[in-house]
Amino acid sequence: MSMLIDQVFKSDPLVKLAQKENFVGWVYGIDYEQALVMTNDLWKAKVNGIPHNCFLVATTFDPERYSETQEIDREVILFRVIGASRLPQDDDIVRTKIDHFQDQEGAFEDGTGFDDITLNQIQFGGLKCRILGTFYTFENKLWLGSDLESFSLASRLRVYRPNDDALELIINHVDPIRNKTMQKDAQELGLTKPIERIRIGTIRYTSTDRLHRKNAPSKVPVYLQPSDFLARRTAVLGMTRTGKSNMLKKMVSMVKRVADEANMPIGQIIFDLNGEYANANKQDQGAISEVYPNATVRYRGFDTEGFQDLRHNFYINTSEGLYLLQSLLQKDAFKQADLETFKSMSLEEPEREARSEHYRWQVRKAAYQCLLRRAKYTPPLGEGVKFPAGQGVRQQIQQQTDVSLPDPSGGMSFDDGIEWFMTARRADRQLRSSNSFLKSSSGNEWFDQETRAILNLMAERNDRDTTIRGYKALGPYRNYHSPRRSSELVGEVYKHLEDGRIVILDLSVGPATIRKEMSIRIAEGIFHRSMETFVSGEFPPHIVTYIEEAHNLIGKKHELTDTWPRIAKEGAKYRMALVYATQEPSSVHPNILANTENWFVTHLNNEGELKEISKFYDFSDFGKSLIRAQDVGFARVKTLSGPFVVPVQIDLFDPKSESDR
């Protein structure tokens, strides 16, 4: 009867964790944080060794007689090997070995030279293990507590090295509570059905994987929960050429798969600093644009076949163009009053109900467009300026200049607009010489301070009629303008994201200043549009943002009110996920690191970076491994639903399998 009961209990997940054939030793010391394990060379050889950082499990029960186990012992403790420990007899064994070696006459002698009893003694050694948690069952489900509830010094804790099914159960375990939370999160994210977990790689403990990964069946798969990455922050950290780009491509494909299976648009935008996602190259396995040609839109900062123009049309996107010009001019060491006024002005359209302000804005906008033309910025075909100027204003101009100007509300070319404004400026100057000015119908100055500064730049003369640098200050930035763009850039990009497309901004070409300024403006526009949608009571679209060289955008010196830190800190509530990659985690804003849910860490080359990473979760266990192992794709992974860090060999991104899907 008891044999029948034990046979039934074999299906219990706790019994599956304790693989009797994989016995490796006994626990001889334990507290709430660490355990000391006595093992033997023979036991280790039977399980193909015990690599550093590998998982072990310990329990008191016999898996073949589980029915006889008391309730207090029905648990399995999870260990991670973090080093070696000394046994009390180690000093005696060392002396024995030294005496033996001193008696040797050559390097190679037949036999070990030890008697059977001594040989048995010197094979024993100790392991130091971190306690990761306790597995137990409740309501027929497997649970993992993240600590040790209690321990008994008299307990006979047997230790096993889990392989195959047991190891897969451990590394891919998700608690029932977390499972319910994920289902709730999925519903809030708009996922109408459960999404299957996705394989990301296989378990790998050490750089030397001659034994623990030599057979294909022993390469235990590691899976990710896709919902962990939507509206979350993910860090991909490691030196160049250690697999960061491959990891980002895997994540893009994972999100695309989730979107396809859930029949829900999820937009993805990649700020591609090196051009590796937009363009295929020999080093990397395929480009995202080639894998998903119908779902990808590429942008670049100059005319290229197959790419949309990343630049703004300064004539049409006046606010965006002005903001970029102002940012570029801030680096200009030349100081001049009218140019300083230009650098601080705004072209944001006021409410139409504020008629006077809107009237002035129309005039200022037209003057700005004419200034662009004066600075030889190529205008879009068929476009011109149109602005209001009442008959009273035109009469004042004619009285001072003897020139009859046409009504600009009917429209005119940019060149005619320049002549119109220059004539009006001349009239205004003559009136000012007699302590008057060009007046609007309300009696106020028709030219506000900003418009007058624009006209001075256009005329290359200041209010005192002294020669100034003028419009030529804008000349060096003509390449930032695109006359072929007919729509507002940020709105166009956001529409692609709403439709669930993958948008790649190829920032590998052109000056570094345009790459930085354009990326900030686009990111800022996306963030504010999603925030406005959320504030209005509607659901913004799902968007995943990927950035390389993240320390340049969310570094320690950046204010949390800056665009990129705000996306990292607040974007989650607006359904914006952020994936950031860098080789300098210590340079990333500490507030951003502290709020990151998912981590993928490969090789780091100095103690300073390791010290930063060691502050989080149990990454401190992997310090030596991270600095030594430079294997491409060898990552230590911690996800939102994963209770501890798992060492993983990330699968290579396969363009063919993704395109065939």
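Among the elements that cover the buried residues of helix α4 are β4 (76-85) and α5 (116-122). The model is a predicted one. The buried residues of α4 include Asp90, Ile93 and His100. Because these three cover an arc of only 85° around the axis, they lie on the same side of α4. The length of the helix can be checked as well: α4 runs over residues 90-102, and its 13 residues, at 1.5 Å a residue, should span 18 Å.

The aromatic residues come next. A pair of aromatic rings is described by the distance of the centres and the angle of the planes. The structure holds 24 aromatic pairs. In one of them, the ring centres of tryptophan 420 and phenylalanine 421 are 5.8 Å apart and the planes stand at 75°, so this pair is edge-to-face. Since buried means under 20% relative accessible area, tryptophan 420 counts as buried at 1%, and phenylalanine 421 is buried at 0%.

Tryptophan 599 and phenylalanine 619 make a tilted pair, because their ring centres lie 5.9 Å apart with the planes at 55°. This pair links distant parts of the chain, its members being 20 residues apart. Tryptophan 599 belongs to strand β17 (residues 598-601), while phenylalanine 619 is in the loop between α20 (607-613) and α21 (623-628). Both tryptophan 599 and phenylalanine 619 are buried. Elsewhere, ring pairs join Phe23, Trp26, Trp43, Phe124 and Tyr160 into a cluster.

The charged end of arginine 298 sits over the ring of phenylalanine 307, at 4.1 Å from the ring centre. Arginine 636 lies over the face of phenylalanine 634, and here the distance to the ring centre is 3.7 Å.

The last stop is glutamate 33, in the loop between β1 (23-30) and β2 (34-40). Is glutamate 33 buried or exposed? Its relative accessibility is 53%, so glutamate 33 counts as exposed. With neighbours within four places in sequence left aside, glutamate 33 is in contact with Cys129, Arg130 and Ile131. Glutamate 33 and leucine 148 are 115 residues apart in sequence, and their C-alpha atoms are 7.8 Å apart in space.

Methods. Residues numbered from 1 in each chain as written. Predicted model: local features only at pLDDT ≥ 70, side-chain atom pairs only at ≥ 80, totals over all residues. Heavy atoms only, no water. Phe/Tyr/Trp six-rings, centres within 6.5 Å; stacked < 30°, edge-to-face > 60°. Buried < 20%, exposed > 50% of the residue type's maximum accessible area, 1.4 Å probe, protein only. Helix = DSSP H or I, 4+ residues; strand = E, 2+ residues; numbered from the N terminus. Lys NZ or Arg CZ within 6 Å of the ring centre and 35° of its normal. Expected span 1.5 Å × (residues − 1). Arc of directions from axis to C-beta. Contact = heavy atoms within 4.5 Å.
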